[in-house]
Amino acid sequence: PMSTLTIRLPDDTAARLKTLARSRGLSMNKLIEELTAQALAAWDMENHFRALAATGDVRQALAILDRLDDQYTQPNT
C-alpha cells in the first residue's frame with residue numbers, strides 16, 4: 001500500500017524540484033520518493049552511529065562515518 005501526502009512548498013522550491021526531476025528523467029513523485037529514501041537512510045545511519053557511540057565502539061562508529069562521507073561525496077547517478 002502507498003500513502004498520499006500533500007506538502008506545501010514555496011513556489012521557487014517546487015519549480016526547482018520540477019527542474020531537478022526533469023533533469024534526472026523522473027516524475028516529481030519518484031524524485032520525492034528517492035530524496036526521502038536518502039534522508040531516511042542518513043537518519044537511520046545517524047541513529048545507529050549514536051547507539052554505537054553510546055557503547056564506546058570507536059572502530060564501528062568510524063566505519064559508519066566513512067560510509068556517510070562516501071554517501072555525500074559521491075556524485076549522484
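Alanine 39 is found in helix α2, where helices are DSSP runs of H or I with at least four residues, strands are runs of E with at least two, and both are numbered from the N terminus. At 48% relative accessibility, alanine 39 counts as partly exposed, because that class lies between buried, under 20% relative accessible area, and exposed, over 50%, with a 1.4 Å probe and protein chains only. Between alanine 39 and alanine 14 there are 25 residues of separation in sequence and 18 Å in space, taken from C-alpha to C-alpha.

The model is predicted, with local features requiring pLDDT of at least 70 and side-chain atom pairs counting only at pLDDT 80 or more, whereas totals for chains, interfaces and linings use all residues. Residues are numbered from 1 along each chain as its sequence is written, and side-chain values use heavy atoms, with hydrogens and water left out.

As a whole, the protein chain holds 3 helices and 0 strands, and its elements run α-α-α from the N terminus on. Its radius of gyration is 16 Å, whereas a compact globule of 77 residues would have one near 11 Å; the radius is taken over C-alpha atoms, and the globule rule is 2.2 Å times the number of residues to the power 0.38. Along the principal axes, the C-alpha atoms of the protein chain fill a box of roughly 45 × 30 × 25 Å.

Of the 77 residues of the protein chain, 13% count as buried. The accessible surface of the protein chain comes to about 6500 Å², and 56% of that surface belongs to carbon and sulfur atoms; these areas come from the Shrake-Rupley method with a 1.4 Å probe, and for residues only the protein chains shown count as cover.

Helix α2 covers residues 28–55, and its 28 residues reach 41 Å from the first C-alpha to the last, close to the 40 Å expected at 1.5 Å a residue, the expected span being 1.5 Å times one less than the number of residues. The buried residues of α2 are Leu31, Ala42, Met45 and Leu52, and they pack against α1 (11–23) and α3 (58–73), with contact meaning heavy atoms within 4.5 Å. Just after α2, glycine 56 takes a positive phi of about 80°.

Valine 58 has its place in helix α3 and, at 55% relative accessibility, counts as exposed; valine 58 and glycine 25 stand 33 residues apart in sequence, and their C-alpha atoms are 41 Å apart in space. Glutamine 60 is also found in helix α3, but with a relative accessible area of 33% glutamine 60 is partly exposed, and from its C-alpha to that of lysine 30, 30 residues away in sequence, the separation is 33 Å.

Alanine 61, which lies in helix α3, is buried, with a relative accessible area of 9%. Leaving aside residues up to four places away in sequence, alanine 61 touches Phe49 and Leu52, and Leu52 is one of the buried residues of α2.
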